[in-house]
Structure formats: structure tokens, C-alpha cells
Amino acid sequence: MKLKQRVVLLAILLVIFIFTKVFLLDNLETSAAQREDQRAFQRMLAGLRVALEPRLEHTLQSPWEIAAQWVVPREVYPEDTPELGAVMHAMATKRIVKADVGYKGTQLKALLVLEGGQKVVFKPKRYARDYVVEGEPYAGYDRHNAEVAAFHLDRILGFRRAPLVVGRFVNLRTEIKPVATEQLLGTFMTVGNNTCFYGKCYYCRETEPACADGDIMEGSVTLWLPDVWPLQKHRHPWGRTYREGKLARWEYDESYCDAVKKTSPYDAGPRLLDIIDTAVFDFLIGNADRHHYESFQDDEGASMLILLDNAKSFGNPALDERSILAPLYQCCIIRVSTWNRLNYLKNGVLKSALRTAMSHDPISPVLSDLHLDALDQRLLSILATVKQCTDQFGPDVVLVEDRMTLSHL
């Protein structure tokens with residue numbers, strides 16, 4: 001065979017090799033990733049129903065020790081959690097040994113210490129399930145049931161970045177007042193036949209207490225993250241100004257995301273993708289109040305964005321605040337795994353999954369049917385937003401692999 005023919009043959013073989021690598025092998029890798037996403041989705045559905053029961057089999061550890069060991073830089077709890085029901089049962093039933101005013105913030109809460117030394121945050125019921133919060137999307141008191149629903153949505157989306165939350169009924173007279181600090185006790189009062197308290201916070205007022213039904217108060221308890229994982233607070237790049245007539249830059253600058261991508265920690269690593277995941281999460285629950293967020297300290301952008309404080313959610317099922325999705329439609333990128341999970345949740349699956357996940361909670365039903373219906377409608381809006389992005393830029397640009405550094409953006 002002449003040299004020229006050999007060169008041509010080698011060139012053809014090289015083209016075939018490149019074609020195989022780019023189109024066939026890459027497609028096989030993509031298919032494998034999709035199959036794993038499907039398997040993870042099926043595992044999630046199979047484990048949705050969490051029965052709250054005290055049994056902890058095959059371990060001498062306390063539920064608090066188990067939950068503390070779950071926490072790692074990229075998740076608060078693992079995918080496989082057979083002990084989840086026991087931990088949540090302990091949160092809902094363990095004896096309260098101390099009660100104090102909540103950590104600093106704008107909304108009423110109490111900091112409780114449960115038997116065994118575990119801290120939890122208690123948020124009291126302020127509204128009936130069918131109450132509609134009018135006004136700005138961040139208006140109104142915190143909603144305790146929103147914390148419960150948001151935790152289970154975090155499970156369903158496969159993020160696993162929200163601390164554990166469960167509903168709980170407490171007797172203010174027999175469970176709280178005997179172990180309350182003087183600071184908390186000083187905010188208790190009686191209104192009619194109901195025991196009430198107003199706590200200490202920026203918006204806490206003696207004229208606006210939270211009241212029990214007699215002595216029994218419904219609320220939510222959120223598991224305090226282990227002290228060995230100190231938190232670092234960050235200003236959210238898409239945060240609101242909360243000032244009438246004053247817009248944040250992202251609200252008028254169409255190229256705002258380009259500027260964000262040039263600043264740390266959004267110029268590399270997973271943080272920007274976490275921001276976009278959070279925008280999806282917040283839009284589904286109707287939370288327009290994430291002005292700051294927390295990560296683990298000294299993480300250099302490597303740890304997750306922790307989904308704390310979700311109580312300004314599920315206020316108005318008729319209001320779809322599209323501006324919450326600004327990180328998604330301005331950056332036009334989303335994790336492939338998030339995109340796959342959202343597509344698996346179409347056609348009523350999301351509503352059904354969330355209803356099932358919350359069915360064993362002590363304060364069930366957690367959400368009204370209107371809020372559950374709103375979730376399915378908002379999901380369609382998210383999918384439509386991603387499609388607009390892929391139509392404009394192509395799926396290869398928009399759908400980003402989970403561990404990509406983003407340094408190319």
C-alpha cells in the first residue's frame with residue numbers, strides 16, 4: 001500500500017475514532033448518568049413515607065448522634081436514611097429540658113433543648129392552613145408548616161441540603177414554662193383562655209403574640225446542625241433591597257449574571273449551581289425572602305448552600321413570583337441531575353409525592369390542596385423557563401454536569 005493511501009486510511013480511522021468517542025461513548029456516559037438519575041428517583045419514591053417510630057435497630061447510638069454523623073460538606077442527611085423516622089420521632093416527642101428565646105432574627109421562634117442535649121428551633125403556628133397571605137411575596141409571619149413542607153420537598157428534589165424538620169404539639173403550661181429562661185418567660189401572657197408568648201426578635205411585639213389553643217400550641221421543630229459544623233453567612237447575589245422604589249442591580253441589569261460569574265465563590269466550584277437549585281426550590285415553595293444564605297465556614301465555595309429558614313413560603317398559592325427564578329433565567333444554566341429530577345416530577349407526580357412524604361407528620365395535613373396544586377403549576381413554569389434557555393443557547397450550554405468547575409463561564 002502506498003504511503004499516501006496509508007495516510008488517507010489513517011485519517012479515516014482517526015475520524016471514525018473521534019466520531020465514536022464524541023457521539024457514541026459520550027452518549028453512553030450520558031445514558032448511564034440518566035439511568036442513575038432514574039434509579040435515584042425510584043429510590044426516593046420508595047422511601048418517601050417516613051413512619052415516626054422510636055425504634056433504632058442495630059445501634060446503641062442516640063438519634064442525635066446518628067443525625068450529627070449524617071452531616072458532610074455536600075449534604076445534611078444521606079440518600080439512604082433508615083433511621084430518619086426514629087430521629088424525627090425523637091424531635092417530635094423527646095422531653096424539653098430547656099426553653100429560651102430564639103437566636104437573633106426578624107421572626108418569632110424559641111430555642112428548645114431536648115432530652116439528650118439536642119437543640120431545636122421551635123416556630124409556632126400563626127395561620128390556619130387555608131389562610132392566604134396578601135401583599136408582598138415576603139409578607140406575613142413565618143409559617144411553621146412551610147418549614148415542614150420545605151424539608152420534604154428538599155428530600156423529593158434530591159438536594160438533601162435542608163435540616164430535618166417535623167411538626168410538634170407542645171403544652172406551653174407544662175412543657176415550656178417550667179423550663180423557660182426568665183427572658184422567655186417574661187414574654188408569656190394569657191389572652192382569653194389561651195396561653196400566648198411573643199418572644200424576642202426584630203418584629204416581635206407584645207401586641208402580636210402567638211397563641212396556643214388553650215395550652216396546646218402547634219408548631220415545627222428544626223434540628224440544630226452540629227456545632228462542629230459552624231456556619232458562615234453570605235449575602236445572596238439575587239437578594240432584594242426591601243426598600244420601596246429602590247431596585248437591586250439584578251432587577252434592572254440584564255447582564256448581571258455575567259458579573260456574578262466573575263466574583264468568588266461563583267467563578268468556580270458548585271456555588272452558582274447551588275444558587276440556581278435554590279431558586280428552583282424557592283420558586284416552588286413561593287419563598288421570595290432569601291436575602292442571605294448559609295454555608296459551612298471556611299469552605300472556599302466547596303460546601304453546599306444550606307436551605308435554612310424556609311418559613312416565608314406557601315403564603316399565597318395564587319401568586320407565582322417569577323422574579324425568584326432570576327438566577328435561572330439570567331444565567332441560563334442548571335444541573336443535569338436537577339433538570340432530570342424536575343422532568344420526573346411532571347404530570348402530578350410532585351404533588352402526589354409531597355402529600356405522601358408529609359402524611360405521617362404529627363401536624364398533617366401540612367398544606368392545603370391549593371398549595372399542592374400550585375406546586376405542579378410552578379413546576380411547569382420552571383420547565384418552560386429552561387426550555388427557553390435551551391432554545392436560545394442549546395442544551396450543551398444550559399445543562400451543566402454537576403461537578404463541572406464553571407471556570408469556563
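Reader: How many cavities of 30 Å³ or more does the structure hold, and what makes a space a cavity?

Author: The structure holds five of them. A cavity is a set of points, on a 1 Å grid over the protein atoms alone, where a 1.4 Å probe fits but cannot get out. By the way, this is a predicted model, where local features need pLDDT of at least 70 and side-chain atom pairs count only at pLDDT 80 or more, while totals for chains, interfaces and linings use all residues. Residues are numbered from 1 along each chain as its sequence is written, and side-chain values use heavy atoms, with hydrogens and water left out.

Reader: How much space lies in the largest cavity, and what does volume mean here?

Author: About 160 Å³. Volume is the space filled by probe spheres set on the grid points, which are joined across faces, edges and corners.

Reader: What makes a residue part of a lining, and which ones lie closest to the centre of the largest cavity?

Author: A lining residue has an atom within 4 Å of a cavity point. For the largest cavity 18 residues do, and His236, Trp238, Asp282, Arg290 and Ile324 are the closest to its centre. Helix α8 (residues 271-285) gives the largest share of that lining, four residues. Helices here are DSSP runs of H or I, at least four residues, numbered from the N terminus.

Reader: Which domains supply the lining of the second largest cavity?

Author: Domain 1 (63-223) and domain 2 (231-400) each give at least three residues; the bounds come from an automatic or database domain assignment. This cavity holds about 140 Å³, and among the residues closest to its centre are Pro137 and Gly286.

Reader: Why is Val386 called buried?

Author: Buried means under 20% relative accessible area, with exposed over 50% and partly exposed in between (1.4 Å probe, protein chains only). Val386 has 1%, so Val386 counts as buried. Val386 lies in helix α12.

Reader: What is Val386 in contact with, leaving aside its neighbours within four places in sequence?

Author: Contact means heavy atoms within 4.5 Å, and Val386 has it with Leu328, Ile334, Trp339, Val398 and Leu399. Leu399 is 13 residues away in sequence, and 9.0 Å away in space, C-alpha to C-alpha.

Reader: How much area do domain 1 and domain 2 bury between them?

Author: About 3700 Å², 65% of it on carbon and sulfur atoms. Buried area is the accessible area (1.4 Å probe) that two parts lose on being put together, summed over both. In domain 1, Tyr138, Ile156 and Arg161 lose the most area to domain 2.

Terms used: 1 Å grid on protein atoms, 1.4 Å probe; cavity = no way out; pocket = protein on both sides within 12 Å on 5 of 7 lines; lining within 4 Å. Helix = DSSP H or I, 4+ residues; strand = E, 2+ residues; numbered from the N terminus.
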